[in-house]
Amino acid sequence: MAAVAWGRCFPRVWLRRRAGPGCGRHYRAALCAELKQPLAIEEVASCPVRPHEVRVDVHFCGVNFADILVCRGQYQEKPQLPFTPGMEFSGTVLETGTDVSTVKEGDRVIGVSGFNGMAEECIIDHKTLWQIPEGVPLREAATLPVSYVTAILALEHRACTRPGETVLVTAAAGATGLAVIDVATNVLQAKVIAAAGSDEKCSLAMRKGAQSIVNYSQGSLKEAVRKLVGSDGVNVVIDAVGGDVFLEALRSLAWEGRIVVVGFAGGTIASVPANLLLLKNVSAMGLYWGRYKEQNFPVFSRILSSALQYCQQGRIQPHIGAVFKLEEVNDAFLHVIQRKSMGKSLFGRSSV
């Protein structure tokens with residue numbers, strides 16, 4: 001229903017262009033001027049960089065469900081209107097402030113912004129930029145900050161996944177789900193059961209490294225997992241769906257199993273039956289990606305650096321499902337809302 005309602009908001013007059021204030025150089029940006037309404041592409045005046053800031057020519061920007069939620073006013077963070085969504089991007093440095101020595105003009109970088117990445121350029125604090133190693137394309141680099149940092153935080157930092165353990169991941173064909181499969185299989189040497197809502201998505205998860213698949217639109221997730229691993233259960237669950245899928249995944253845990261909540265793509269937040277935690281000595285924990293950037297930046301930075309290193313070494317291979325142009329921002333949002341996306345969706349320049 002939510003997808004239908006959002007879809008009705010998108011007439012074919014989405015795109016409007018307007019000169020911004022001032023007489024300096026301008027660039028295009030996707031702007032949210034009113035919550036729950038289509039975004040517009042506006043001409044925005046460039047601002048001067050402050051001493052600690054960097055101006056970046058944005059080549060690719062990730063499309064995340066959180067971007068849609070913030071444009072609906074349903075995200076934990078609520079930026080002041082009007083704002084430009086976009087939490088992660090890759091590009092090249094155009095200009096640096098007087099106090100910046102970590103990057104220079106021309107450097108290839110990825111950035112983690114509050115909300116300003118869906119634009120042709122953005123200004124960002126130099127502390128939230130990371131240089132892209134040689135050999136890592138700008139497209140693949142743009143997939144790392146949200147999906148892969150979430151996957152590594154969930155698997156390594158929160159669940160302490162060990163080699164040989166069995167990991168169940170829900171929403172397995174989404175950007176984060178595929179990142180979990182990639183990291184669990186190719187970095188941590190764990191066994192992965194991928195759960196998704198269609199045969200097509202399950203097939204993709206299997207091709208990306210899952211050892212087993214479950215289509216939870218066709219029956220009980222708990223019973224399907226039991227058939228695969230027996231009554232012992234799985235060691236780790238990474239859940240991005242919520243609702244009944246979360247509860248069935250929780251009941252699929254083994255003794256001293258760990259379940260990490262990374263989102264609620266299904267739209268329902270389940271209550272945790274505390275007796276299930278007690279009976280098997282299991283742990284239920286959450287992972288809010290953005291909070292690590294604010295509360296424990298050294299861990300966040302270390303894990304993002306690890307993701308870049310894994311990518312450079314060829315140990316992980318991000319899956320990009322679709323690349324949209326900036327003026328297709330509303331199409332991109334609808335693509336995600338209607339659950340058509342498989343892997344990471346990006347805005348970007350196809351020639352880069």
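Modeller: A residue is called buried when its relative accessible area is under 20%, exposed when that area is over 50%, and partly exposed in between. The model considered here is a predicted one. C202 has a relative accessibility of 3%, and therefore counts as buried. C122 has a value of 2%, so C122 is buried by the same cut-off. The structure contains zero disulfides. For C122, the nearest cysteine sulfur belongs to C61 and lies 8.2 Å away; a disulfide requires two cysteine sulfur atoms within 2.5 Å, so C122 takes part in none.

The charged side chains come next. In the whole structure, 11 salt bridges are found. One of them joins R28 to E120, with 2.9 Å between the closest N and O atoms. These partners come from distant parts of the chain, 92 residues apart: R28 belongs to strand β1, whereas E120 sits in the loop between β5 and β6. R28 has a relative accessible area of 16%, which means that R28 is buried. E120 reaches 27%, so E120 is partly exposed.

A second salt bridge brings together the side chains of E95 and R55, at 3.0 Å from N to O. Here, too, distant parts of the chain are linked: E95 is in strand β4 and R55 is in strand β3, 40 residues apart. R55 is buried because its relative accessibility is 5%, while E95, at 33%, is partly exposed. This pair also belongs to a network of salt bridges that links R25, R55, E95 and E121.

K104, by contrast, is exposed, with a value of 53%.

Side chains also meet where helices pack. Helix α4 (residues 144-158) packs with helix α11 (residues 297-313) at an angle of about 105 degrees, and their axes are 9 Å apart. Angles of 65 to 115 degrees count as roughly perpendicular, so this description applies to α4 and α11. The residues in this contact include L144, Y148 and I152 of α4, together with F300, I303 and L304 of α11. By type, the residues of the contact are 14 nonpolar, one polar and one charged.

Conventions. Residues are numbered from 1 along each chain as its sequence is written. This is a predicted model: local features need pLDDT of at least 70, side-chain atom pairs count only at pLDDT 80 or more; totals for chains, interfaces and linings use all residues. Side-chain values use heavy atoms; hydrogens and water are left out. Buried means under 20% relative accessible area, exposed over 50%, partly exposed in between (1.4 Å probe, protein chains only). Axes are lines fitted to C-alpha atoms, for helices over the stretch in contact, and angles run from 0 to 180 degrees between N-to-C directions. Helices (H or I, at least four residues) and strands (E, at least two) are DSSP runs, numbered from the N terminus. Angles under 35 degrees count as roughly parallel, over 145 as roughly antiparallel, 65 to 115 as roughly perpendicular and the rest as oblique. Contact means heavy atoms within 4.5 Å. Ala, Val, Leu, Ile, Met, Phe, Trp, Tyr, Cys and Pro count as nonpolar, Asp, Glu, Lys and Arg as charged, and the others, Gly among them, as polar. A salt bridge is a side-chain nitrogen of Lys or Arg within 4 Å of a carboxyl oxygen of Asp or Glu.
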